[in-house]
Each structure stands twice: as C-alpha cells, then as structure tokens.
Amino acid sequence: MNAPVAKDPVLKATACPHDCPSTCALEVELFADGRIGRIKGARANAYTAGVICAKVARYSDRLYHPDRLMQPMKRVGAKGEGRFEPISWDEALDLVASAFLKAEAEHGAQAVWPYHYAGTMGLVQRDSIHRLRHAKGYSRQFDTICTNPAWTGYIAGTGRLAGPDPREIAVADMVVIWGTNAVSTQVNVMTHAITARKTRGAKIVAIDVYPTQTVKQADLGLVLKPGTDAALACAVMHVLFRDGHADRDYLARYTDCPDELEAHVAQRPPEWAAAITGLSVEEIELFAHMVGQTKRTFFRLGYGFTRQRNGAVSMHAASCIAAVTGAWQYEGGGAFHNNGAIYTLDKSMIEGHSLIDPAVRQLDQSQIGRVLTGDAEALRHGPPVTAMLIQNTNPVSVAPEQELVKQGFAREDLFVCVHEQFMTETAKMADVVLPATQFLEHDDVYKGGGHQYILLGPKLAEAPGETRENLYVLNEIARRVGAAEHPGFGMSAREHIDWMLKASGFGSLEEIERDRWVDCQPNFRKAHYLDGFNWPDGKFRFKPEWTAVLAPNDGPMGPFADMPTLPDHWAVNEAANEEHPFRLATSPARSFLNSTFNETASSRDKEGRPDLMIGPKDAERLGIADGDRIRIGNRRGAVILHARLTEGLKPGVVVAEGIWPNDAYPDGRGINTLTGADAVAPYGGAAFHDTAVWVCKD
C-alpha cells in the first residue's frame, strides 16, 4: 500500500488528534521526500511513556490510502447513491454559501445547523466551526454523544472535573479500572498500571460488562450486568463501613453527610447487590476488602459504564468509594475521570464568544434523527433544519436512532455539505463533499482529558491533492455568507494557537514549539482536594443536588426529578422483558475509533466482521451455533450480524464491538439502528450501552 521511501528519516514531534483520553505525544518518521513513515510514542512524555496504540502506529495506512478524498465534488445522482462529479473549490464554496443563504431567507438563520464533533480533538480545527455559527446566528449544538453523564456524575461529588495526577497510577498499590477497556481504548492507563504491578506488586482490578482484554489482564476481573455499577459501589461501601475500613476522620472533615450515607448503605449489603449485578457475594466481599485494606487505591473511572440512562448516578456512586476510604489523601490514591478543568484555556478567539446570542436554540447532537425528521420538541419548536455543514463526525453511522437519521438525510429539501477525509456514509448523503486534510497536514493544538498536557501538533507534511484544513473552509464560507466581522476569521491556525496560549497564561507558540508540550498538572494538594473539594463548604458531596451540578448542560432533562439523592441503584434503564429479553452493549473495538479506521484494511482485517457476542447457554437455548447468521432487534429496527459464542458473559447480556459501517452488515443497517436518543438525566447524553433487544437465528 505504501510507496517506497527514502532512507534515514528524521523524527518530528506531534500529538495524536483522535478522540481518546490518552492524547498521546508522538514522534513521526519524516523522510527527505516529505513522506511519513512509522509513528511512535514519545518516551520523553511522562504520560505517553513511549507507548501508543497499534492503529495510530500504522497511520500511514490512512495518510496514503488510495480512497482518500482529493477534490471537491457535487452530487449528480440520487441522495445516497454515491454519484458525484468533481468541481472547483470556488464552485463548491459558492454552492454551499448559496444554499445557506437560501435556507436563511426562507426560515431564518437557525435553519442552518453546523454539525461537528471529535473526529479531530484539535482546538483550532475542531472548534472554529463555532465562530461561523455565532457570527451568523446559526443553530447551536448541544454536545451529548459522549461525555454528559460521566462528567456530571463525577462533578456531582468533587465539584470539579479534575483529580489526581494520572501518572500516579504507577505508584498506586491497587488500580481499579472501572467501566473502560483500557487495553483497547486508553493504552497508557495499562502502561502505568502494569508499571505499578511490576515495581510495587500492585493489584489491578477491572470492572466491565463482558470479559474484555483489560478484564483478562487484571488480577481481579468483575463482570457485571449493564447498568448495575451503582449497586456494586453501594455494597462495597456497606462492607467498608461494616468492617471498619471507612476513614472516619477523613469523612468528618471532607464529606457532607457520612452518617446519612452509612445508614443508607447499611441497607445495601452484598447479597442485595449480588441479585442486581449478577456478581457473587464472594466477589463483592473480596473486592471490598481489597479496597478497604489498600489505602493507596487509584480508581480510574471510564466513560463506558456511564452510557446508560442511570450513568450519572453510577459514576457518582463509584467515585464515592475513594471518599469513604480516604484514598484521596495518598499519592497513588483517589478517583480520576478527566482533567478538563485544569486547562482554563481562553478559546474566545477560536470560537467567537463575543458573537454568541444565547437566544439562539441549541439542538441536541444525539437527536439528529429527530431534528431532521421534524420532531417539534427536538427542534425546540423552531424552524426546520434545511442546510448543514458537517465536520469531524459521521452521524449516518455513529448517531443513535439510525432509521430516523437516514430518513432525515434523505430529505430532498435538506442541503448537506460534508468536509471529510474519506467517502463516509454521511458523505454519500451530501450534496457537496469537500476533501479534508489529516492531522499531519495542518497545524493544531491539543489537550489531554486523560492526563495533564497541552500538546502542539504542527504541520509536518504537505496536504495532497486539493485537500484543505477545516479552518480554511470555515473562513471561506463566513466570507461568502456575510458573517459578522471577527478577527478570528483572518487568523491562521498558528496565530490562533499563539493567541490562545498567551491569553490563557500558558506561554506562546514559540515556547510550545521548543518544549513540545505544557505540563498543566496542579500541585498535589489541589489535585487531591486536601484543601477542600470544589464546593462552597469544601465537602465532597455524597448527596448532590443534581440540577445544581456545574457540568455542561442545556437545562435539566430526562427524569431528573426521580434521581436518587444518595448513591443507589437506579432502575431507570431500558429493561429486558419477555419481548426483549437481552441487554445490548455496543462497546468499542480495538482496531477502530468510533468510525475512524473503518477504511483501513489493517483495522478491518483485525476486526473481521460485525459479530454479536452471546453466552453459550443463551445461544444453545436459541438454537444458535458459533458463526451463525443472526438477527437482533427492538421497536427501533433490526440488524443482521453473526454470532460469536463468548464465555464469561452474564446470562441475557450480548455485546457488539465496534462501529462498523452500515454497509458492512448484510442488510445495510448498522448497530446504532437499535440505540435510543432519549435524554439521560440530569443533563442529557446518549445511552449507547443501554438497549433491550430480542435475538433469533436469521
């Protein structure tokens, strides 16, 4: 696939752009002819520590892929047919501007919806779309695909989206990896956890809903039923109080209502949790005693277990355990989810904050299917969306309620421009397709949710063909549609980076070019909340006021009034029943990242095909053999894939790994046909791993 390259490459520094908390510091082989070779992890970066995932190490497969989009195109066939003809950039941008102005004239500016997400995590190339949005008064976007339940649940306790230095995993005596398959999705978590095991004899505990590679590498792997994590957390706290492992001095000083919590979890013994989680009483007792006897326990709390309708409650409950034991006091102890609050980056120039009109509606990213099919509630009782610009995301594959999404994109009165690297399923539904650069072909800057670094990602290679960076597209559209004047439209990516770093007190472009990254880690006392948690009284909240949690939101939504006041199992999930007896989790595949890497043969070969993991006893009962073609479904639709008999699953639980393209399935319907888009309490979010289905042999 790769053409021959010259000898003796030089190593150049950059950062991984993809939607992974590791945000790895990279070293790239650059040959004299300008071609890119292997990509490695930077050893000098204390978090990356020289280790990256295999899919990024093989990045030249994407960079030089023969199917990359290289020139602008306009649709000449029916929507979704995939027939396009090449046009010039000027013609393409003029078509886009004309369509946007037409939508605005007919229905007002809010009929245009710039839609984006995290195909790149670069702060300039990803977020400049907001400057166009605000400059024209186009519909805003409420981001709900990924983080809402997790962030809300964590902040509910600490008051702040930050925790202990993630590098402290390496000095922990126990690492609890809860609700994330770190081997596949956050490889550096495993790097530091294994260091702790080798150097300190630390134990690794992994908690998940199926026997992932992380569970298999753990000293203790706990496989529970989806959506039951809070029950496990309550039973653990029951044992901690019962057996004298609660740090009562710490509780009195640092938490809001320890006596009330103790009385509450006294009614939540392991026997109660075992019936809910599917774990044995012995497993729960063992885990609780390991936690109680190991003060230096680092809870690494992931996203996966929060993608449930009770996800915020589950995250909060899990985070409470470290407060009961007082693990926060110790290096290598505490509960960490994401370090977003430490950066305090001033993105006002990139995003055009001075242009924001708060009266402009926010449309829920996850409910794009409902928005595009005219649901009045999803449209916030405003005008229809009749024009879209899509960057950095592939909603026809990754958004929930896929049947509605496809119906919406098939509308003849909807104009869609997609700026992409490959002809994704969303691009196939577009009227205009624009070719996009990849991360090594433009300048950008990144921050690590899973660590504490700001990292520079400089342009290292020339953009091929007629590919253009996001910033170029946004600035050119703004000029053509008469957007309000803003200095950000006249700045290059490098100028934006320099402005933001200086305005935020993090140096300058010149300094980060010299140093490669900025370490923003707060001191130990602040990171461990030793001077109090981020609430007015300095107390960790066992009893949060859910609608007062300082997390991103568009107002309370979902059944927020019914949320438990103390950590508890909240039975609000999509329950299995006689008609839909199985619970489905749609978990990440190791060789894909959302729908990115779907196009590379190396990733597809490693993943094989879309399969459904099902327990042997469940399969036998249904007359299903390994490899059989099967059908799964619910009221939202049905999907055909193949059975993969998997030991270790709880009865009634099935798992489909990876967001495969819809066309990888026999009938063209992907796994998100089955997932719902109803808002998760209290602040929205998509419950991708919370789906009830039936299963039968096809």
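## Strand barrel

Two strands are taken as paired if DSSP finds at least two bridges between them. In this predicted model, six strands form a closed barrel in the order E20-E24-E21-E23-E22-E25, and the pairing within the barrel is mixed. From one strand to the next, the twist averages 45°.

One of the pairings joins strand E22, residues 629–634, to strand E25, residues 691–697, through four bridges, and these two strands run antiparallel. Within this pairing, Gly 633 has Trp 694 of E25 as its bridge partner.

## Cysteines

A disulfide is counted here if two cysteine sulfur atoms lie within 2.5 Å of each other, and by this rule the model has zero disulfides. For Cys 16, the closest cysteine sulfur belongs to Cys 24 and lies 6.1 Å away, which is too far for a bond. Cys 16 is buried, with a relative accessible area of 8%, whereas Cys 696 counts as partly exposed, at 31% relative accessibility.

## Crossing of H3 and H21

Helix H3, residues 89–107, and helix H21, residues 470–480, have axes that come within 9 Å and cross at roughly 55°. Angles from 65 to 115 degrees would count as roughly perpendicular and those under 35 degrees as roughly parallel, so H3 and H21 are oblique to each other. The crossing in which H3 passes H21 is right-handed. On the H3 side, the contact is made by residues including Trp 89, Leu 93, Val 96 and Phe 100, and on the H21 side by Tyr 472, Val 473, Glu 476, Ile 477 and Arg 480.

Terms used:
Residues numbered from 1 in each chain as written. Predicted model: local features only at pLDDT ≥ 70, side-chain atom pairs only at ≥ 80, totals over all residues. Heavy atoms only, no water. Axes fitted to C-alpha atoms, helices over the stretch in contact; angles between N-to-C directions. Buried < 20%, exposed > 50% of the residue type's maximum accessible area, 1.4 Å probe, protein only. Parallel < 35°, antiparallel > 145°, perpendicular 65-115°, else oblique. Left-handed = near helix turned anticlockwise from the far one by under 90°. Contact = heavy atoms within 4.5 Å.
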